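Here are my notes on the model you sent over.

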Amino acid sequence: MKKALIVWGGWLGHQPEEVSALFRKVLEAEGFEVELSDTLAAFDDEAKLKSLDLIIPVWTMGEISQERVNHVSAAVQSGVGLAGCHGGMCDAFRSNVDWQFMTGGNWVAHPGNDGTSHRINIVNASSPLVEGIEDFDVVTEQYYLHVDPAIEVLATTRFPVAEGPHAANKAVDMPVVWTKRWGHGRVFYCSLGHQADVIEMPPVKEIMRRGLLWAAAGKETFGVKREQKAYTGMQDSQA
């Protein structure tokens, strides 16, 4: 049975407890053993983190020790998946650049605030994470992020929609859903999810479900590759 750890807290306006419960329900329906924690002390035991298949942070803002970030990073590098949404992953621990490097981006603004109507455009429809999902409209925060050029973008949104100083620039397509690698681990992020009702939207919930499962399969995939490499090396030595 695969194991997932969901760590929730930080700014309560993002409903971290409710969002965590939703993710738990999704994962348990897929046969996962899920542990919920409302303290960052859950990141203290590096060996335990490495025994997991998936880590889901749901913690907006706040502060985290460098040691705890190092533990999460080491676990992900070993093959454990990291997945999350909205501010719970990419507006967490604003002062820690190592966290931002690992997750692939960091929130900087949401022009128009909550209630902004905008479209989500699927841009990599051949990916199994978004295959069969059509472009859709949402009314919620539209996240403007600073992003890692190494990410693989699966969905975007067009800026500007709301007025602001950014509107003086040309139109830009901002990543909304992406994946990246961190060592042997898989990282998945979706910027939607201001509150639990946004995640409950059918296309958002399905994208999150697929993303959680994809990230959690990284250790298994790495293990298969490692076994194949060992087998190939054995063949070479016997040749």
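Predicted model: local features only at pLDDT ≥ 70, side-chain atom pairs only at ≥ 80, totals over all residues.

1. On the overall build, I get eight helices and 11 strands for the chain. The radius of gyration is 18 Å, close to the 18 Å from the globule rule for 239 residues, so the chain is as compact as a globular protein of that length. The C-alpha trace spans about 65 × 40 × 35 Å along its principal axes.

2. Buried residues are 51% of the 239 in the chain. The chain exposes about 11,000 Å², with carbon and sulfur atoms supplying 51% of that area. As for charge, there are 21 positive and 31 negative side chains, and the centres of the two sets sit 6 Å apart.

3. Which residues touch the most other members of the largest nonpolar core? They are Phe23, Leu54, Phe188, Leu192, Met208 and Leu212, out of 39 residues in that core. Helix H7 (residues 202-216) gives the most to this core, with seven residues. There is also a second, separate core of 32 residues, including Leu40, Ala75, Ile151 and Val187. As background, nonpolar side chains in soluble globular proteins tend to be buried together.

4. Met208 deserves a click. Skipping neighbours within four places in sequence, Met208 is in contact with Phe23, Gly84, Cys85, Phe188, Cys190 and Ile199.

5. Phe101, in helix H5 (residues 97-103), is one to look at from the outside: its relative accessibility is 51%, so Phe101 counts as exposed, the cut-off being over 50%. Leaving out neighbours within four places in sequence, Phe101 still contacts Asp148, Lys180 and Trp182. Phe101 and Trp182 are 81 residues apart in sequence but 9.2 Å apart in space, C-alpha to C-alpha.

6. Next, the backbone. Most residues other than glycine have a negative phi, and most peptide bonds are trans. Met61 has a positive phi, near 60 degrees, and His86 has one near 50 degrees. Met61 is in the loop between strand E3 (54-60) and helix H3 (66-77), and counts as partly exposed at 27% relative accessibility. His86 belongs to helix H4 (residues 86-90) and is buried, with a relative accessible area of 1%.

7. Last one: where is the cis peptide bond that has omega of about 0 degrees? It joins Phe159 and Pro160. Pro160 lies in the loop between strand E9 (152-159) and strand E10 (172-182).

Technical notes: Residues numbered from 1 in each chain as written. Heavy atoms only, no water. Core = buried A, V, L, I, M, F, W, Y, C linked by side-chain atoms within 4.5 Å. Buried < 20%, exposed > 50% of the residue type's maximum accessible area, 1.4 Å probe, protein only. Helix = DSSP H or I, 4+ residues; strand = E, 2+ residues; numbered from the N terminus. Contact = heavy atoms within 4.5 Å. Rg over C-alpha atoms; globule rule 2.2 N^0.38 Å. Areas by Shrake-Rupley, 256 points an atom, 1.4 Å probe, with all protein chains shown as cover. Lys, Arg positive; Asp, Glu negative; His and termini not counted. Charge placed at Lys NZ, Arg CZ, Asp CG, Glu CD.
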